[in-house]
Amino acid sequence: MPLVSSTSLLEAARAGGYGIGAFNVHTLEMLQAVVDAAEETGSPLILQSTVGTVKHLGPDYIAAAATVAANRSRVPIALHLDHCTDFATIVQCIRAGYTSVMIDASMLPFEDNVRLTKQVVEVARAAGVNVEAELGKVGGVEDDIVVAEHEALMADPQECAEFVERTGVHTLAPAIGTAHGIYKGEPKIDFDRIRRIADLVPLPLVLHGGSGIPEEQVKRCVSLGMAKMNIATEIRIVFSDAIKAVFADNPQENDPRKYMIPAKKAVKEAAIEKMRMVGCIGKAGDLR
Ligand SMILES: [Zn+2]
């Protein structure tokens, strides 16, 4: 089937009490690996790229690869632009075929965040594209956006409700204590805050910084209404580790297939594990 908007996938997930894995991919092999994972397990899938990857590969290349994957697939697949602070890049990605975008204006004052997010919603709505926005600040590093963990600000539930009402976004990423990258200790997730936000905001909520959150905490987040879990760092690590292992055994290896095949397998296995954790296995049929 063609690429779908992530709105319908995520609304079905929130209504059904499960989450959907959204995987940041950087190469064709990573993209194919998470698509294989979704196919094999009958899971709906969100492919994501950061702005850095869009600049590195080109939005048209990424959208073309995702479109081929979706057309060949029997599970619904959406293509999402992760953490974009810039209106022009969002328009460029929508034109290239992305079916979902994140406008991250969370570093701006509330009123400016509302204004910029609303502009993106207007452009996206005409194209049937999902819009995700962020309130508060998720700690850690995402591409070149750095937020010191101690400075990470949690989202205010009342502000979330007002923000959603005024902007018309389809999905909201409220900062609730998770961080990008790999956690040094246990993440300190504010579950009560998620519950209060979910009570006021009926939309699918998005969990950023999904790498390394213990399973029990992931499940609790999902049960509270977090319908999308972003996974970036963890699949990068298994992909790179598999390649390093090949070169450790055979430093002279020069056939990319020899190291990409084990790297793909590692990403596929890690993706299936995350899909199991958020409960989306077998849910591909929800939309048909
Ligand atoms: Zn994020």
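This is a predicted model: local features need pLDDT of at least 70, side-chain atom pairs count only at pLDDT 80 or more; totals for chains, interfaces and linings use all residues.
Me: How many residues of strand 3 are buried?
Reply: Strand 3 covers residues 77-84 and is mostly covered. Its count of buried residues is 8 of 8.

Me: In which sense do strand 2 and strand 3 pair, and over how many bridges?
Reply: Strand 2 is made of residues 45-49. The pairing of strand 2 with strand 3 is parallel, and the number of bridges is 5.

Me: What is the hand of the β-α-β unit made by strand 3, helix 5 and strand 4?
Reply: The helix of this unit, helix 5, takes in residues 87-96. The strands of the unit, strand 3 and strand 4, run parallel. The unit is right-handed.

Me: Are helix 7 and helix 8 roughly parallel or roughly antiparallel?
Reply: Helix 7 (residues 157-167) and helix 8 (residues 191-200) have axes that come within 9 Å and cross at roughly 30 degrees. Angles under 35 degrees count as roughly parallel. Therefore helix 7 and helix 8 are roughly parallel.

Me: Which residues of helix 8 meet helix 7, and what is the hand of the crossing?
Reply: On the helix 7 side, the residues are Pro157, Cys160 and Ala161. They meet Arg193, Arg196, Ile197 and Leu200 in helix 8. The crossing of helix 7 past helix 8 is right-handed.

Me: Is leucine 3 buried or exposed?
Reply: Leucine 3 lies in the segment before helix 1 (6-16). Beyond residues up to four places away in sequence, leucine 3 touches Ala66, Thr67, Ala70, Ile77, Ala78, Leu79, Gly97 and Thr99. A residue with 20 or more other C-beta atoms within 10 Å is buried. Because leucine 3 has 21 such neighbours, it counts as buried.

Me: What distance separates the C-alpha atoms of methionine 277 and valine 218?
Reply: Methionine 277 sits in helix 11 (residues 256-278) and is buried, with 21 other C-beta atoms within 10 Å. Leaving out residues up to four places away in sequence, methionine 277 touches Glu215 and Val218. Methionine 277 and valine 218 are 59 residues apart along the chain, and their C-alpha separation is 7.1 Å.

Terms used
Residues are numbered from 1 along each chain as its sequence is written. A residue is buried if 20 or more other C-beta atoms lie within 10 Å of its own, exposed if 12 or fewer, and partly exposed in between; C-beta atoms are placed from the backbone. Helices (H or I, at least four residues) and strands (E, at least two) are DSSP runs, numbered from the N terminus. Two strands pair if DSSP finds at least two bridges between them. A crossover is right-handed if, with the strands pointing away from the viewer, the path from the first strand over the helix to the second runs clockwise. Axes are lines fitted to C-alpha atoms, for helices over the stretch in contact, and angles run from 0 to 180 degrees between N-to-C directions. Angles under 35 degrees count as roughly parallel, over 145 as roughly antiparallel, 65 to 115 as roughly perpendicular and the rest as oblique. A crossing is left-handed if the near helix is turned anticlockwise from the far one by less than a right angle, and right-handed if clockwise. Two residues are in contact if their C-beta atoms, placed from the backbone, lie within 7 Å.
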